[in-house]
Amino acid sequence: ADASRGGKAGDWGGKLSKLLAFDFSTDRGRTAARKNAYALLAKHEHALACACFLLAEPPYARDAALVAVDKMRNPDLAFALARLVDARDVSARPGDDGGDGDALVAGPRAGR
């Protein structure tokens, strides 16, 4: 299985550990995640490409979802990726629900 990824079994593990050593919140790390995702797309490793797009901080969720739909023919995965990233964005901004702040806590009767 590792031979299909361009080398010996140990070679793949070394490349993966080097990739995961990046700080994906920096410009260099985000660029590395994106370049690796495109390299994996060229090798028809679509699932791994999606994962690389999602390593970046913030993730390239749109690119990952497009790969899921266009290359993997899996709209359910694309929807799940969009939901996960959306939930992550909401949890990163507590209290920023676009309203008066009571909608998530009290439901539709808030402010009555």
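# Close-up views of the predicted model

**View A. Arg73 counts as exposed because its relative accessibility is 64%.** The model is a predicted one, in which local features require pLDDT of at least 70 and side-chain atom pairs count only at pLDDT 80 or more, whereas totals for chains, interfaces and linings use all residues. Residues are numbered from 1 along each chain as its sequence is written, and side-chain values use heavy atoms, with hydrogens and water left out. For accessibility, exposed denotes over 50% relative accessible area, buried under 20%, and partly exposed the range in between, with a 1.4 Å probe and protein chains only. Arg73 belongs to the loop between H4 and H5; helices (H or I, at least four residues) and strands (E, at least two) are DSSP runs, numbered from the N terminus. Although Arg73 is a residue other than glycine, its phi is positive, near 55°.

**View B. His44 occupies the loop between H2 and H3.** Its phi is positive, about 65°, although His44 is not a glycine. With a relative accessible area of 61%, His44 is exposed.

**View C. Helices H2 and H3 are roughly antiparallel to each other.** Helix H3 spans residues 46-55, and its axis comes within 8 Å of that of H2, with a crossing angle of roughly 170°. Axes are lines fitted to C-alpha atoms, for helices over the stretch in contact, and angles between N-to-C directions run from 0 to 180 degrees. Angles over 145 degrees count as roughly antiparallel, those under 35 as roughly parallel, 65 to 115 as roughly perpendicular, and the rest as oblique. H2 contributes Ala33, Arg34, Asn36, Ala37, Tyr38, Leu40 and Leu41 to the contact, and H3 contributes His46, Leu48, Ala49, Cys52, Phe53 and Leu55; contact means heavy atoms within 4.5 Å. By class, the residues of this contact comprise 10 nonpolar, two polar and one charged. Here Ala, Val, Leu, Ile, Met, Phe, Trp, Tyr, Cys and Pro count as nonpolar, Asp, Glu, Lys and Arg as charged, and the others, Gly among them, as polar.

View D. A disulfide is taken as a pair of cysteine sulfur atoms within 2.5 Å. Cys50 is in no disulfide, and its nearest cysteine sulfur, that of Cys52, is 9.8 Å away. Cys50 is buried at 5% relative accessibility, and Cys52 is buried at 6%. Leaving aside neighbours within four places in sequence, Cys50 is in contact with Ala64, Val67, Ala68 and Met72.

**View E. The largest nonpolar core has 18 residues.** Such a core is a set of buried Ala, Val, Leu, Ile, Met, Phe, Trp, Tyr and Cys residues joined through side-chain atoms within 4.5 Å. Leu41, Cys50, Cys52, Phe53, Ala64, Val67 and Ala68 touch the most other members. H2, H3, H4 and helix H5 (75-92) are the elements that give two or more residues to this core. Ala64 lies in helix H4 (residues 61-70) and is buried at 0% relative accessibility. Apart from neighbours within four places in sequence, Ala64 is in contact with Cys50, Phe53, Leu54 and Leu81.

**View F. A cis peptide bond joins Glu57 and Pro58, with omega about 0°.** Pro58 is placed in the loop between H3 and H4. The C-alpha atom of Glu57 is separated by 9.3 Å from that of Asp27, 30 residues apart along the chain. Asp27 is located in helix H2 (residues 27-42), and at 66% relative accessibility Asp27 counts as exposed.
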